[in-house]
Each structure stands twice: as C-alpha cells, then as structure tokens.
Amino acid sequence: ISGVNYLETTTMPIRAYQVPRREITDAEGEVLADVRGLAFYDLNLLVSLHFDSLDKLLSVWEHYQDVSKRKDPGAMMTDADFAAFLADICASAPAIMADVIALAADEVDENGMPSTAALASIRRWPMHAQCRALGHIYGLSVADFGGPVKLIGALIQQVRQAAPAMGMIQA
C-alpha cells in the first residue's frame, strides 16, 4: 500500500516485551520466587556449567524416549514418561535444578551466573516447591516451542556444538 509507513504500524518494540512469569509458592502460599521460561542463553550457560551431568541426563532422556516407543512404536514420549524424567532430574541433578530455578528467577550475580545466595535458598526449598518451579519453567519455556521433544532436541544440539570446544569427541 502506497504511503504506509510499516515501521509505524508494526508491533511493540523488543524492549517493551514483558516475559511471562509464574509465582512459586510453598505449602502455606508464601511466594518463594517468580520464574520465567528459559532462553537459549540460559541453556548455553547451563551446558557450560554442567556439561558432564547434562550428558548423563540426556542418556536418561533417551531411555524414557525408548520406553515410550516400546509402549507404542509410533508414539512420542508420553506425559507420564516426561513426569518420570522430571522426577529423575529432581533426584539426580540438584545442582542443575537449582541453577535452572535461579536463572529462571533472574537471580544472577554481576557476571550473569546464578547467585550464590539464591542457590543456597533454592537448595533448602521443599521438594514439592522445587518440582513445581521446574514444571512452571518447563511450561513457560516450551509453550510456543512445540513441546519437550523439540526443547530437548535443541538442548542436545547445544551440547553437541559445545563438545568440540570443550575438547570432547562429538557423537
């Protein structure tokens, strides 16, 4: 259309975007934090901080995908299988879990690393609050992404890209 300035008719500028957040509460309803979904920057930082542990978690992820496919060869991972995977993360990777929650709560130090004070607090939260936080972070991270399989696929790609830089052999 002649004479229309498309820059004036487009959506809001990037800086005006408000990232969706969810409150995390304890059993009494006290707000512990509010979290957002993870960004690729967060995933990259988590990979650099926890490369070896993430590699082990990816093996667990592949196990749960295999279990899903054995139940139904054409199926993707079920919600029950994904819940079991999240339970494994909560049980086997508390350091990663705490870093995920700290990053999603924007509790970082001047270098962009998860805040030591926030990590100390998160590690003392009841398990139900930690798992609830991870559930909200997951939902906020993949709501527009296409589900857990695509998210984990992106994470696997990040790990594989980081492997050569970290002196690891690519699979």
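In this predicted model, helix H6 starts with a cap: a side-chain oxygen of Ser115 sits 3.3 Å from the backbone nitrogen of Ala117, at the N-terminal end of the helix. Ala118, Leu119 and Ile122 are the buried part of the story. Looking down the axis of H6, these buried residues fall within an arc of 100°, so they line one face of the helix. Their packing partners are H5 and H7. Over on the other side of H6, Thr116, Ala117, Arg123 and Arg124 are exposed.

Now for the core. The largest nonpolar core holds 35 residues, and the ones touching the most other members are Val35, Val47, Ile101 and Trp125. The top contributor is H5, which gives eight residues.

Ile101 is worth a look of its own. Leaving out residues up to four places away in sequence, Ile101 touches Val35, Ile122, Trp125, Gln130, Ala133, Leu134 and Ile137. One of these, Ile122, is among the buried residues of H6, while Val35 and Trp125 turn up again among the core members with the most contacts to other members.

Finally, there is Ser141, which belongs to helix H7. Its relative accessible area is 14%, so Ser141 counts as buried, the cut-off being under 20%. Setting aside neighbours within four places in sequence, Ser141 makes contact with Gly37 and Leu38.

Notes:
Residues numbered from 1 in each chain as written. Predicted model: local features only at pLDDT ≥ 70, side-chain atom pairs only at ≥ 80, totals over all residues. Heavy atoms only, no water. Core = buried A, V, L, I, M, F, W, Y, C linked by side-chain atoms within 4.5 Å. Buried < 20%, exposed > 50% of the residue type's maximum accessible area, 1.4 Å probe, protein only. Helix = DSSP H or I, 4+ residues; strand = E, 2+ residues; numbered from the N terminus. Contact = heavy atoms within 4.5 Å. Arc of directions from axis to C-beta. Polar contact = N/O pair within 3.5 Å; in protein donor to acceptor, adjacent residues only side chain to side chain.
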